[in-house]
Amino acid sequence: MTFIPFNKPYVPIQSYEYIKEAIGRGKISGNGFFTQRCHNFFCDQLKFKKVLLTSSCTDALEMSAILTQISPGDEVIMPSFTFPSTANAFILRGAHIVFADSESTNPNMDASQVASLITEKTKAIVPVHYAGVSCDMDTIMQIARENQLYVVEDAAQAIDSYYKGIPLGTIGHFGAFSFHETKNLSSGEGGMLAINHERYFDRSEHIWEKGTNRSSFFRNEVDKYGWVDIGSSFLPSDIIAALLYAQLEEMDTIQSKRLQIWDRYYSQLKHLEQNGYLRLPSIPDYASNNAHLFYLICSCEKQRQDLILYLKNRGISAIFHYLPLHKSPYYKDKYRGPKLPHSELYADRLLRLPLYYNLELDQVDQIVETICEFFSTKKTIYSASINER
Ligand SMILES: *Cc1c(COP(=O)(O)O)cnc(C)c1O
């Protein structure tokens, strides 16, 4: 039996050359040659206004919490069904987090609820594009405009994904991306902040480089550099940027393989959805699919647990995802809001299947067959419970 892991990092052969080149250039700290090449890739080819590579998406979120001038007592609205970094970045600045529920049709924040969560303390909305599928951005941006709020897109999973043709991460004031090993493009650890309005360009560079105006100095805009703002060391080494650049060059190849896998899962599992055994991802008309994740929504937590075990015993690693943040050990006693039933539903029933560049299509078929086999043997137990979703 060959084991199929949930994820396997893909390292393009060119990575080794680029790392060698980065070292050979004799400047391996941040903001070097490959960092610039990555920045140019996003600005020239993908039409981002300004980006800064960071050591993680967590860092990019922390930068955006500084840029939005979050101060103690400010409220920040975000989904409960997300990774702790989305919230932590703002908690570190003293914010109180107001959690929104997910939509019934997909795990994204329900934009129609956001207006009712706004108070005079609200400072920002942080939509998370779960699985790389866009939130309802027109609604969110309109609420933000009406109430003069910042929008920070947690686009960790959303590289090469679009809302009505516009790249995710470029719609709000700021967009935070991840290049962690588990994401579509990866430099091991890594991230990026997209800065979408010119008025934040200078300050974002200062915060990025330890509160100094070092970037302006190296562009010969000032004759000496110094401490001008708060900040931290958010920039990655140029070796990390070299790794990332090799991925960017192969973005189209990586993405088309991931989509091929995604489509194969979808078309071959569709009949299980039609027969009421589970739900497959649903992608709104305004959103594109970047094939970040392929997930199933089981009919109950018990079914998911049994399916995980069934797959595991046959060498396939499938895993659940977030525990809702409003029920997390760190936050449950601080949470003052209502029940968030959809967030809890996804926490209990969502199951992610293996999806990575080097996953072979016959392995996808093998996974699909195993899932179908599970449902054909368990038919009587679960078919009755599916409609209580
Ligand atoms: C992966 C992820 C993060 C964290 O990214 P890092 O690069 O590991 O810091 C944050 N938010 C979401 C939604 C993620 O999926």
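This is a predicted model: local features need pLDDT of at least 70, side-chain atom pairs count only at pLDDT 80 or more; totals for chains, interfaces and linings use all residues.
Local features are described at pLDDT of at least 70 and side-chain atom pairs at pLDDT 80 or more, while totals for chains, interfaces and linings use all residues. Residues are numbered from 1 along each chain as its sequence is written, and side-chain values use heavy atoms, with hydrogens and water left out.

Start with the whole chain. Its secondary structure comes to 13 helices and eleven strands; helices (H or I, at least four residues) and strands (E, at least two) are DSSP runs, numbered from the N terminus. The C-alpha trace spans about 75 × 55 × 35 Å along its principal axes. Of the 389 residues, 59% are buried. Here buried means under 20% relative accessible area, exposed means over 50%, and partly exposed is in between, using a 1.4 Å probe and protein chains only.

Now for the strands. Strand 5 (residues 150-154) is mostly covered, with five of its five residues buried. In a regular strand the side chains alternate between the two faces of the sheet. In strand 5, Tyr150, Val152 and Asp154 sit on one side and Val151 and Glu153 on the other, and both faces are covered. On the pairing side (two strands pair if DSSP finds at least two bridges between them), strand 5 runs parallel to strand 4 (residues 122-125) over two bridges. Ala124 has Tyr150 of strand 5 as its bridge partner. Together with helix 6 (residues 137-147), strands 4 and 5 make a right-handed β-α-β unit. Right-handed here means that, with the strands pointing away from the viewer, the path from the first strand over the helix to the second runs clockwise.

Strand 5 also pairs with strand 8 (residues 174-178), again in the parallel sense, over three bridges. Glu153 finds its bridge partner in Gly175 of strand 8. Strand 8 is mostly covered too, five of its five residues being buried. Phe174, Ala176 and Ser178 point one way from this strand, while Gly175 and Phe177 point the other way. With strand 9 (residues 191-195), strand 8 pairs in the antiparallel sense over five bridges, and Ser178 has Gly191 as its bridge partner there.

The ligand comes next. It is surrounded by 15 residues, and the closest are Thr58, Asp154, Gln157, Ser178 and Lys183; a residue counts as near if one of its heavy atoms lies within 4 Å. Two of these names have come up already: Asp154 in strand 5 and Ser178 in strand 8. Several polar contacts can be listed, each a pair of N or O atoms within 3.5 Å; within protein, one must be able to donate a hydrogen and the other to accept it, and residues adjacent in sequence count only if both atoms are side-chain atoms. A polar side-chain atom of Thr58 lies 2.5 Å from a ligand oxygen atom. For Cys57, a backbone N or O atom lies 2.8 Å from an oxygen atom of the ligand. For Tyr322, a polar side-chain atom is 3.3 Å from a ligand oxygen atom. Taken alone, the ligand exposes 380 Å², and the protein buries 92% of that. These areas come from the Shrake-Rupley method with a 1.4 Å probe; for residues, only the protein chains shown count as cover.

Lys50 is in strand 1 (residues 50-54) and counts as buried because its relative accessibility is 14%. Its C-alpha atom is 5.3 Å from that of Ile195, 145 residues apart along the chain. Ile70 is in the loop between helix 3 (57-67) and strand 2 (75-79), and at 5% relative accessibility it counts as buried.

The loop between helix 10 (251-274) and strand 10 (295-297) holds Asn289, and Ala291 is in this loop as well. A polar atom of the Asn289 side chain lies 2.9 Å from the backbone nitrogen of Ala291. Asn289 is buried at 18% relative accessible area, and Ala291 is buried at 0%. Ala291 has a positive phi, near 50 degrees, in a residue other than glycine. Lys164 likewise has a positive phi, of about 45 degrees, and is not a glycine. Lys164 lies in the loop between strand 6 (162-163) and strand 7 (166-167), and is exposed with a relative accessible area of 51%.
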